Amino acid sequence: MSDVQEACPPEEPRDLSMRRPFDPDSSAQESEHFQYIASVPRIGIGMDSSVTPLRHGGLSLVQTTDFFYPLVDDPYMMDLAEDAGTQVSGGQTVINPWLTIGGVATTVCQPNEFIMPDNAVVGDVLVLTKPLGTQVAVNAHQWLDEPERMSRLKMVVSEDDIRKAYHRAMCSMSRLNRTAARLMHKYNAHGATDVTGFGLIGHAKNLSKIQKNEVSFVIHNLPIIAKMAAVSKASGNMFGLFQGQSAETSGGLLIALPREQAAAYCKDIEKQEGNQAWIIGIVEKGNRTARIIDKPRVIEVPAKEKDGELCDSSVVAKRIYESICCYGRLLPIARGCGKSSSSECGCKKE
C-alpha cells in the first residue's frame with residue numbers, strides 16, 4: 001500500500017448509487033438483486049475483461065485494462081478514441097525510465113449487449129479476424145538498423161518486404177475490433193477472446209478452459225502478415241509464430257461460431273471493412289484444451305499485393321500523409337495540408 005493510500009483512506013460512499021456493488025443492505029429489493037449477482041457465472045483470470053452486475057436496472061459494468069510500450073513512432077496512431085465513438089478522460093502520469101502507455105476501457109451494458117465467452121459447442125468453427133505476425137513485423141523493422149541480423153533475413157526477404165510488413169502491422173493494430181464484435185451478435189457467436197499478449201495458442205487455451213461443454217479447439221490455419229513466416233523461420237523460430245506463441249499487439253478476435261454462419265460472418269466483415277477474416281479451426285468433443293496441428297496451413301496476408309494497397313486503402317498511410325506538410329514537418333492532422341509540393345502548400349513555414 002502506498003503512503004498516499006495509508007494517509008488518505010478512501011471515504012465510504014454515501015450515495016446508494018456509488019456504494020460498493022457487493023455491499024448489500026437489508027432491503028428486499030437489494031436482496032433480490034444480490035441473488036441475481038450470485039447467479040452470474042464467475043470466469044477466471046485470462047479473459048481480459050470483467051463484467052460486474054450493478055444495482056440498478058439489470059445493468060452491468062464492463063471493463064478491461066492494459067498497458068505496454070508504444071510499438072510505432074507516430075503519435076497520431078496511438079489515439080483511436082474518436083474512431084471508437086468515445087473519449088480519453090482522466091489519467092495518471094508515472095515517472096518511468098521507459099515510455100509506457102495504457103488505460104482502462106469502461107462501459108455499462110444491458111444483459112443482451114454482451115456475449116458470455118463460454119458457450120462453444122461441438123461442430124462450431126473458429127474464426128480469426130486479424131492476421132498474426134505483428135511482433136515479428138515490428139522486430140524485423142527494428143532490425144533494419146542491425147546489419148548482422150539483416151544479413152540473415154536478406155536471404156529470404158528484402159528491406160522493402162519488411163517495410164511493407166511493418167506498414168501492414170500498423171494498419172492491423174490501428175483497426176478497431178468494433179465491427180467484428182458487433183457482428184458476433186448478428187451471427188450468434190458462442191464465445192470469443194482477443195488474441196494479444198498470450199499469443200494465439202495462449203488465448204485459445206484460456207478460452208477453452210472456461211467452456212461449459214466438454215469441448216476442445218483444434219487450429220489448422222495460421223493467417224500471417226505476408227513474408228513474416230519466412231522471417232520467423234530465418235530467425236530460428238525465436239517468436240514461436242507457428243506454435244501460436246508469438247505475442248500480438250491489438251490483435252483480432254478468436255470467435256466460436258456456428259459452422260453454418262461462419263462464412264457469412266467473414267463475408268460481412270470484408271464487405272463492411274474491406275478486411276478479411278478466416279476460418280482457422282474447429283470445436284470438437286474434448287477436455288477443454290486447445291492445440292495447433294503439427295503442420296498448419298500458413299495463409300499469407302495479403303495473398304497478392306494490390307495497387308494502392310499501402311497508400312490509398314490504408315488508414316495508416318492516410319493519417320501519416322495528412323499529418324506531414326510539404327516542408328516535411330510532422331503536424332497535427334488538422335494543420336497538415338497534404339500537398340505534395342511547396343507551390344501547392346497552404347502551410348506557413350515556421
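**Notes on the model**

Q: How many cavities of 30 Å³ or more are there?
A: The count is one cavity of 30 Å³ or more. A cavity here is a set of points, on a 1 Å grid over the protein atoms alone, where a 1.4 Å probe fits but cannot get out. Grid points are joined across faces, edges and corners, and a volume is the space filled by probe spheres set on the points.

Q: How much space is in the largest cavity, and what lines it?
A: About 30 Å³ of space lies in the largest cavity. Its lining is Leu132, Leu200, Gly240, Leu241, Gly244, Gln245, Ser246 and Glu248; a lining residue has an atom within 4 Å of a point.

Q: What should I know about the model itself and the numbering?
A: The model is predicted: local features need pLDDT of at least 70, side-chain atom pairs count only at pLDDT 80 or more, and totals for chains, interfaces and linings use all residues. Residues are numbered from 1 along each chain as its sequence is written, and side-chain values use heavy atoms, with hydrogens and water left out.

Q: Back to the lining. Glu248 is on that list; what does the side chain of Thr134 do with the side chain of Glu248?
A: The two side chains make a polar contact at 2.7 Å. That term is for a pair of N or O atoms within 3.5 Å; within protein, one must be able to donate a hydrogen and the other to accept it, and residues adjacent in sequence count only if both atoms are side-chain atoms.

Q: Where is Thr134, and is Thr134 buried or exposed?
A: Thr134 lies in helix H3, residues 134-142. Thr134 counts as buried because its relative accessibility is 3%. Buried means under 20% relative accessible area, exposed over 50%, and partly exposed in between (1.4 Å probe, protein chains only). Helices (H or I, at least four residues) and strands (E, at least two) are DSSP runs, numbered from the N terminus.

Q: Which residues is Thr134 in contact with?
A: Leaving aside neighbours within four places in sequence, Thr134 is in contact with Ala169, Met173, Ile225, Ala247, Glu248 and Thr249. Contact means heavy atoms within 4.5 Å.

Q: Leu200 was in the lining too. Which residues of H7 are buried?
A: Nine of the eleven residues in H7 (199-209) are buried. They are Gly199, Leu200, Ile201, Gly202, His203, Ala204, Asn206, Leu207 and Ser208.

Q: What covers them?
A: The cover includes strands E5 (191-194), E6 (215-225), E7 (253-257), E8 (278-285) and E9 (290-301).

Q: What does the side chain of Gln211 reach?
A: It reaches the backbone nitrogen of Asn119 at 3.2 Å and the backbone nitrogen of Ala120 at 2.8 Å. Not counting residues up to four places away in sequence, Gln211 touches Pro117, Asp118, Asn119, Ala120, Phe217 and Arg288.

Q: Changing topic: is Lys285 buried or exposed?
A: Lys285, in strand E8, is exposed because its relative accessible area is 63%. With neighbours within four places left aside, its contacts are Val122, Glu214, Val215 and Ser216. Lys285 and Val121 are 164 residues apart in sequence and 8.3 Å apart in space, C-alpha to C-alpha.

Q: How many aromatic pairs are there?
A: Two. Rings of Phe, Tyr and Trp (its six-membered ring) pair if their centres lie within 6.5 Å; planes under 30 degrees apart count as stacked, over 60 as edge-to-face and the rest as tilted. Tyr187 and Tyr265 form an edge-to-face pair, 5.9 Å centre to centre with 85° between the planes. Tyr187 is in the loop between helix H6 (178-186) and E5, and Tyr265 is in helix H9 (residues 259-273), 78 residues apart. Both are buried.

Note on methods:
On a 1 Å grid over the protein atoms alone, a cavity is a set of points where a 1.4 Å probe fits but cannot get out, and a pocket is an open set with protein on both sides within 12 Å along at least five of seven lines; lining residues have an atom within 4 Å of a point.
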